[in-house]
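Reader: I would like to learn how to read a few features of a model. Please take them one at a time.

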Amino acid sequence: MAMNWIFVTGTGTEVGKTYYAAALARTCQQSGQRVGVYKPVASGCQRDGEGRLVAEDAVQLWQAAGQPLTLETVCPQKFAAPLAPPEAAAADGCYIDEELLLKGLDAFQPQFGQSQAFDTLIIEGAGGLFSPISDTWLNIDFILKAKSLHPIEVILVAANRLGVQHEIIATTRAAQASGLTIDRVILNTIHPDDSTDTNATELAKWIDTPIQT
C-alpha cells in the first residue's frame with residue numbers, strides 16, 4: 001500500500017495548523033499506523049541548554065507521532081528570528097536550501113529492498129498557503145513540487161472567526177487558479193464570536209470543499 005501524504009497549511013499564522021496536524025498525527029498513530037511528520041523549515045526557534053535551535057512546532061508534531069526518526073529529520077532547517085523563513089535565514093547570514101526542502105522528504109521513503117517504513121506522512125508548512133518559504137518559493141510552490149513526486153492531500157486550517165469566509169474563499173480560489181486543489185477545510189474555533197456557529201454553513205454556499213468544525 002502506498003504511503004499517504006498529507007500537507008497541513010493555513011490561511012495565515014496562528015490559526016491552529018500545528019494543533020490540528022499534531023492531533024491528526026496522534027489519531028493516526030493511536031490507530032496503529034506508523035506516522036512520519038515533516039516541518040520543512042521553521043523560524044522563531046528557541047535555543048536549548050546546549051545552544052541548539054529547537055522548533056517547538058516540530059517538537060509537538062514529533063511527540064504526537066510517537067517520536068519517529070529524529071527531530072533534526074523532522075525539521076532540518078531552523079532559524080531564530082521570528083520572521084518569515086527567508087527573512088529569518090537572512091538574519092542568520094544564510095539562506096533557505098530549496099533542494100533540502102524537498103530532499104528532506106527522502107528520509108520517510110521506504111528503503112530499497114525493505115518493506116514500507118511509514119503509513120502516513122504529515123507535512124506542516126510555515127505560515128499561510130501563500131507565505132514565502134524560501135527566496136523564490138511560497139508554501140504552495142513547495143506543495144506543487146512535492147505533489148509531482150507523490151500524491152498529497154491538502155488540508156487548509158483557518159480560525160473560525162469573523163472574517164474567515166473571505167480568508168477561505170480567497171485562499172481556495174487562488175489555490176485553484178494556481179493549479180492546486182484544497183481537499184478539506186478545517187474551521188478551528190480558538191476564540192468564538194457571533195459568526196462561529198454559521199461560518200461553515202455560509203462557506204458551503206461558496207466553496208465545494210468539505211468543511212469540518
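Reader: What covers the buried residues of α6?

Author: First, the conventions. This is a predicted model, in which local features need pLDDT of at least 70, side-chain atom pairs count only at pLDDT 80 or more, and totals for chains, interfaces and linings use all residues. Residues are numbered from 1 along each chain as its sequence is written, and side-chain values use heavy atoms, with hydrogens and water left out. Helices (H or I, at least four residues) and strands (E, at least two) are DSSP runs, numbered from the N terminus. Buried means under 20% relative accessible area, exposed over 50%, and partly exposed in between (1.4 Å probe, protein chains only). Contact means heavy atoms within 4.5 Å. Here, the cover over the buried residues of α6 includes β1 (4-10), β2 (35-38), α5 (98-103), β7 (120-124), β8 (152-159) and α7 (164-177).

Reader: Which residues of α6 are buried?

Author: In α6 (residues 139-147), they are Asn139, Ile140, Phe142, Ile143 and Ala146. These residues lie on the same side of α6 because they cover an arc of only 155° around the axis; the arc is that of the directions from the helix axis to the C-beta atoms.

Reader: Where does lysine 145 lie, and what is it in contact with, leaving aside its neighbours within four places in sequence?

Author: Lysine 145 is in helix α6 and counts as partly exposed because its relative accessibility is 32%. With those neighbours left aside, its contacts are Leu102 and Trp137. Leucine 102 is 43 residues from lysine 145 in sequence, yet 8.1 Å from it in space, C-alpha to C-alpha.

Reader: In what order do the strands of the open sheet run?

Author: Strands of a sheet pair through backbone hydrogen bonds, either parallel or antiparallel. Two strands count as paired if DSSP finds at least two bridges between them. In this model, 6 strands form an open sheet in the order β2-β7-β1-β8-β9-β10, with parallel pairing. β2 and β10 (211-212) are the edge strands, each pairing on one side only. Between β8 and β9 (residues 184-188), the parallel pairing runs over 5 bridges, and isoleucine 155 stands opposite arginine 184 in β9.
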